[in-house]
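Reader: Please show me the structure, and then I will ask about a few of its parts.

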Amino acid sequence: MADFNLEAMSLKELRQLQKDLAEAISTHEDRHKAEARAKLEAIAKEMGYSLAELIGIEVKTTRAPAVAKYRHPENAALTWSGRGRKPQWFVEAVEAGKTAGELAVG
């Protein structure tokens with residue numbers, strides 16, 4: 001362990017030492033928490049569970065993107081699922097006399 005003569009250090013050096021110690025403590029705690037989590041996950045996996053299942057954390061599922069319901073009459077790459085704000089091309093097509101059924105995919 002390093003020996004420090006705190007009395008001989010300047011205020012700037014002492015504050016830097018304080019900052020370095022706080023960072024070392026934080027990273028030490030994070031490292032130990034990660035090791036503990038890994039051990040617990042391994043034990044849970046051995047028993048056929050996930051750690052989230054055992055401690056009651058809900059795992060968020062991701063939703064698939066919405067299926068396109070409407071397609072631009074001239075540019076097939078432009079689609080709309082029918083959710084949210086209507087795209088400008090859809091509004092313009094309806095104003096031009098097209099119906100939503102005519103713009104429907106399929």
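Author: This is a predicted model, in which local features need pLDDT of at least 70, side-chain atom pairs count only at pLDDT 80 or more, and totals for chains, interfaces and linings use all residues. Residues are numbered from 1 along each chain as its sequence is written, and side-chain values use heavy atoms, with hydrogens and water left out.

Reader: Is Ser81 buried or exposed?

Author: Ser81 sits in the loop between β2 (79-80) and α3 (88-95); helices (H or I, at least four residues) and strands (E, at least two) are DSSP runs, numbered from the N terminus. Buried means under 20% relative accessible area, exposed over 50%, and partly exposed in between (1.4 Å probe, protein chains only). Ser81 has 16% relative accessibility, so Ser81 counts as buried.

Reader: Is Ala8 buried or exposed?

Author: Ala8 belongs to the segment before α1. Its relative accessibility is 60%, and therefore Ala8 counts as exposed.

Reader: How far apart are the end C-alpha atoms of helix α1?

Author: Helix α1 covers residues 11-46, which is 36 residues. The expected span is 1.5 Å times one less than the number of residues.

Reader: Which residue just after α1 takes a positive phi?

Author: The phi in question is about 90°. The residue that takes it, just after α1, is Gly48.

Reader: What separates the C-alpha atoms of Ala8 and Thr62?

Author: Along the chain, Ala8 and Thr62 are 54 residues apart.
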